[in-house]
Structure formats: structure tokens, C-alpha cells
Amino acid sequence: MSSLSFPPSSNEFTPEFFTAVLSEFHPGVRVGALDVLEEAHCNTGSASTAARAVLKLDYEAGHDEGLPRRVLLKTVLVRPGAPSSLYRNEVRFYRKLRPEVEIETPRAYASLFDEASGTFGVVMEDVRLRSARFPNATQSMSAAEIEDALTQLAALHAHFWESPRFSTDLAWLWTPRSGGFYDFLSAGGYAFIQALIDRSDYKKSLIERVGRSFDELWAALWKAQEILDSGPATLLHGDTHLGNTYLLPEGRAGLLDWQLMNRGQWAHDVTYLLVTALDTDLRRQCERDLLDHYLEQLRSRGVSSTPGREAAWLLYRQAAIWGFLIGWMICPTENYGEEILQANLERLISAVEDLETFAALPG
């Protein structure tokens, strides 16, 4: 994507480098000085598969090109934290797709992926400057906030619903059963998750609670993925748990972290969002009404092939296995800390039980 690649340490950040990075889409910009204000690394409880740095950029007089002085950099600092295909995916979103989608997600000013090293960087808006707050699964979205989050998803999904571009300029998108993250899961995902379960008494207790062996859970996952790989396909965020959202003061909800973006059935995104963003009692009370809201938002945007209410409910139930097994059983405790990990898994296992997900999947 570029001859440039992000340095492996913030100590190597220079004004000259950021001038070159930003100049691709903002010719004439000149960074005169920079400071690293904050830094968070993966596997520290404050970041997961990538690192973040907040930068203060001082531009030469008359050469700011309208860019903000404070930006957020998402990159890999110190060492890679995930398969490089995830980083490539996020850079592609910000370079190719962010400009055309009218949803609440950070603006990007530059993005690079280096094929040789697998390193990447996205220079983006720091949404805290708009007073954004960042919830996690120890909290819950309100009914109004979750409605707005679903409205954002519907806008994304409607824009790409059954798009012919999936055979042309978007053919690189992976699916639930091909490419990218699927390749990682099929090559070593089973052993990776099993090892995490083996070292965690808490995760072992959850396997016992669902009354199925890990082998049975793994088989159920791929039954669900086969269903979600069928049409109608759209562009999916792919990782819509509550921790990948932000909330603005006016009640608008935004989406962060596009590393697992793929194409498939809408229910993947909607189920994972509802199940992790709401406390269990609130989800039980309003999930069917919220699903109706999402479907109506699709229809209002011209999607004529929306599923009927009961067909949508079945897909919603079937999709719950992914968040439980891949969303959070696969997550090492050190990524987010024990409290957030357990809060997510408790919501997810309750949903799998309430929705009778295993009964909803074909035998």
C-alpha cells in the first residue's frame, strides 16, 4: 500500500516521518514537531490486538491542511499482537471504505500496511475530543443508545447489501468460511482456544455449564458459520462487542476496531452487539423489539430482501455461538483483565442458554 512502514517504537517517531505519512492524502502538510502524550500496548489490560498512541502534532505555519493537532495512532508497538491479516483488513477499511460510509466511526487521516513486516498504522480522529466515552461489559447501553448503535449497523449493512462489488473491487473481503481470520481459526484456532480453557478454571466451568464438550462447541460454531456464510451477504463490522463502541453526549453510538471486517449475514453483527452491549435482564426484555427496529431501519434504506420476523429471530439465535466461543473464550485474560472478560462471557453464555442456540442449529 506504500513504501513507508510505521516504526516499531514510539521513540522512533519523527516529524519527517509523519509529514510523509500524512502527505499521501493531505499534500502540503508539514509536521514541525510532535509529542507522544499517551501510549497503550496490547496484552496489558488497556489494549487487545494492537497498540494506541495519542500524538500532539505541531505543524509548520500555514501547513496544517486543516488537520487536528491531537490525533490517535493505532499501530503495533514493541511486538505484533495478532495475525497480520487483521491489521491489513483494518487499513483497507480506512483507506477504501471509510470515505463512502455515512456512519459514526472515527475519521482517518492516514493509513499504512507493510506486507513485508505485517506492521501497520492508522492515524485517526481522537473521538475523546467530542467527549466520547468508552463502555465495557461491566456496564450496559441504554435502550436509546442501543437503538442508535443498531441504526449505525443498518446504515452500514444497507449500503453493501448483496453488493455486486463482492465479486469485483471487494473480492478481497474474507467470509465466515474463507480467507483472513478463517484461515487463522482453521489452522490453529481449536488448539489455541483449548489451551486457554485448560489454563483457566473459570473457562472450564463455562464449558461444563453449557453441558457440551469443547469438540461439540467447535462443531456447533461451524454449523452456524455455514449458515452465516449464505446469502444475503453484506459488509460486516465483524467484532461488534460493547468494547468496540463509543458513546457521544447526544446519545449517538459509534463503532471502533475494524480488524475483523468481513462479508456475511447481518445477524453476526446484530447478535454480538445486542448480547454484549445490554445487561442480561434488559436484553431479555427488549431484544425482539430491538431486532424489529434494526429490520425497519434496513427497509427504510431500501433493502427489500429483509428476512421476516421469525426468520430473523432464528438467525439471531443461531449467531450467538460465535461471540461466546470466538469472541471471548479465545481472549486471553491479560488482554482486558478478568473483570471485563468474565462480564462478557457471562452475558454471552446467558444468551446461548436463553436463546437455545444449540437447539436452533441443524443436527
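View 1. Let's start with Arg284, which is partly exposed at 43% relative accessibility; here buried means under 20% relative accessible area, exposed over 50%, and partly exposed in between (1.4 Å probe, protein chains only). Asp281 is partly exposed too, at 49%. The two form a salt bridge, with their closest N and O atoms 3.4 Å apart; the term stands for a side-chain nitrogen of Lys or Arg within 4 Å of a carboxyl oxygen of Asp or Glu. Both sit in helix 8 (residues 280-300), three residues apart, so about one helical turn separates them. Helices (H or I, at least four residues) and strands (E, at least two) are DSSP runs, numbered from the N terminus.

A word about the model: it is predicted, with local features needing pLDDT of at least 70 and side-chain atom pairs counting only at pLDDT 80 or more, while totals for chains, interfaces and linings use all residues. Residues are numbered from 1 along each chain as its sequence is written, and side-chain values use heavy atoms, leaving out hydrogens and water.

**View 2. Asp126 meets Arg70.** In this salt bridge, the closest N and O atoms are 2.8 Å apart. Asp126 belongs to the loop between strand 5 (120-125) and helix 3 (143-159), and Arg70 to strand 3 (residues 70-75), so the pair ties together parts 56 residues apart in sequence. Asp126 is buried at 4% relative accessibility, whereas Arg70 is partly exposed at 26%.

View 3. Glu125 is buried at 5% relative accessibility, and Arg130 is partly exposed at 30%. Salt bridges link Glu104, Arg107, Glu125, Arg130 and Arg252 in a network.
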